[in-house]
Amino acid sequence: MKAIILAILGIIIAPVLGGLIAGLDRRLTAWFQSRQGPPILQPFYDVAKLFGKEKMVVNQWQVLCAWVYMIAAAVSVGLFFAQSDLLLIFFVQAIGAVFLVMGALAAKSPYSQVGAQRELIQILAYEPILILVFVGIFLTTGSFKLEAVWALDSPMLAKLPLLYIALGYALTIKLRKSPFDFSTSHHGHQELVKGVLTEFSGPYLGLVELAHWYETILVLGLCAIFWSTNVVWMAVLLVATYFLEVLVDNTMARMTWRWMLKRVWLIGMGMSVVNLIWLYAG
C-alpha cells in the first residue's frame with residue numbers, strides 16, 4: 001500500500017518539478033547568453049497552449065506512440081518513487097524511448113526519419129552506460145532494489161565516482177543537450193526543424209514534452225541516490241550536476257554521432273569498467 005501511494009505521489013509531483021526545472025533551465029540559459037529570458041512558469045504555459053490546439057496527426061500509430069512514450073515515462077518515475085527494482089525501471093523507460101523512435105519513423109518526412117535514426121543512435125549510446133551504473137549499484141548494495149540504496153550508511157559516490165561521471169554522459173544525451181543534441185534541440189538558433197519531434201504537433205507534442213519532464217526527474221533521481229545518506233549534500237550534488245549540464249549545453253557546439261559514440265563508448269564505458277573492476281577487486 002505504501003509503495004502504491006509513493007508511486008501515485010511521484011506521478012503527480014514529477015511533471016510539476018520537471019516543468020519548474022525546464023523553466024529554471026531557460027532562465028539560466030538566458031543568463032549565460034546575457035538576456036532576460038522567459039518566466040520560470042513559461043514551460044507550463046507552452047504545454048497548456050499545445051493541449052488547446054487542434055489535433056493534427058500523420059496517422060493513428062503516431063498517436064499511440066506518443067501516449068505510450070508518456071505513460072512509460074510516468075510509470076518509470078512512479079516505480080522509482082516506490083523504490084522498485086532498477087532493472088524494471090530501466091526496462092519501462094526503454095520501452096518509452098523505443099516508441100518515440102517508432103512514432104517518428106511512422107511519418108514519411110525526411111526530417112522525422114533522420115531524427116528517429118539519430119535518436120536510436122543516442123539510445124544505443126546511453127543505455128549500456130545505465131546498465132553498467134546499475135551493475136555498480138548492485139555490487140555496492142547487493143541488490144537492484146532502490147530500498148537497499150537508502151539503507152546504506154555512506155554515500156555511494158565514494159565508491160562509484162567514475163560511474164557517476166559516466167552517468168553524466170548519459171544525462172547529457174538523455175536530456176538532448178549539446179554536444180549530444182543531434183536528434184533534436186531546445187535551442188531555436190540551433191534547430192529550426194525539430195528532428196525526431198518534427199511531425200508531432202498539438203496535444204501529442206504536449207504529451208512528448210510531459211514525458212521529457214518525467215525523464216528529467218528520473219535521471220536526476222538516479223543522480224540523487226549517489227548521495228542518499230544526507231539530504232543537504234544530495235541537493236548540493238543535484239544542483240551542481242544540473243548547473244554543469246546547462247553550462248556544457250551553452251558552451252559546446254553540436255558534434256556528430258560518430259564523435260558521440262567514440263567519446264561515450266571509449267571514455268564513458270571505459271571509466272565505468274575501471275570503476276567496476278575496482279569495486280570487484282576491493
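Buried means under 20% relative accessible area, exposed means over 50%, and partly exposed lies in between (1.4 Å probe, protein chains only). This is a predicted model: local features need pLDDT of at least 70, side-chain atom pairs count only at pLDDT 80 or more, and totals for chains, interfaces and linings use all residues. Residues are numbered from 1 along each chain as its sequence is written, and side-chain values use heavy atoms, with hydrogens and water left out.

**Exercise 1. The cavity**

Task: Find the volume of the largest cavity and describe its lining.

Solution. 
- Step 1. Rolling a probe the size of a water molecule over the atoms shows where empty space is left. On a 1 Å grid over the protein atoms alone, a cavity is a set of points where a 1.4 Å probe fits but cannot get out; lining residues have an atom within 4 Å of a point. Grid points are joined across faces, edges and corners, and a volume is the space filled by probe spheres set on the points.
- Step 2. One cavity of 30 Å³ or more is present. The largest cavity holds about 110 Å³ of space. Its lining has 14 residues, and Q93, L130, L218, V219 and L222 are the closest to its centre.
- Step 3. Helices are DSSP runs (H or I, at least four residues), numbered from the N terminus. At least two lining residues come from each of α4 (86-105), α5 (110-141), α7 (161-174) and α8 (202-224).
- Step 4. Ala, Val, Leu, Ile, Met, Phe, Trp, Tyr, Cys and Pro count as nonpolar, Asp, Glu, Lys and Arg as charged, and the others, Gly among them, as polar. The lining splits into 11 nonpolar, one polar and two charged residues.

**Exercise 2. The core**

Task: Name the residues that touch the most other members of the largest nonpolar core, then list the contacts of F226.

Solution. 
- Step 1. A nonpolar core is a set of buried Ala, Val, Leu, Ile, Met, Phe, Trp, Tyr and Cys residues joined through side-chain atoms within 4.5 Å.
- Step 2. The largest such core has 73 residues; I137, I225, F226 and M260 touch the most other members. α8 gives this core its largest share, 13 residues.
- Step 3. Contact means heavy atoms within 4.5 Å. Neighbours within four places in sequence aside, F226 contacts V133, P155, M156, L157, L160, Y164, L167 and L237.

**Exercise 3. Loops**

Solution. 
- Step 1. Most residues other than glycine have a negative phi, and most peptide bonds are trans.
- Step 2. Q83 is at 26% relative accessibility, so Q83 is partly exposed.
- Step 3. At 9% relative accessible area, R176 is buried.
- Step 4. P179 lies in the loop between α7 and α8.
- Step 5. K55 is exposed at 61% relative accessibility. Residues up to four places away in sequence not counted, K55 touches P203 and Y204.

Note on methods. On a 1 Å grid over the protein atoms alone, a cavity is a set of points where a 1.4 Å probe fits but cannot get out, and a pocket is an open set with protein on both sides within 12 Å along at least five of seven lines; lining residues have an atom within 4 Å of a point.
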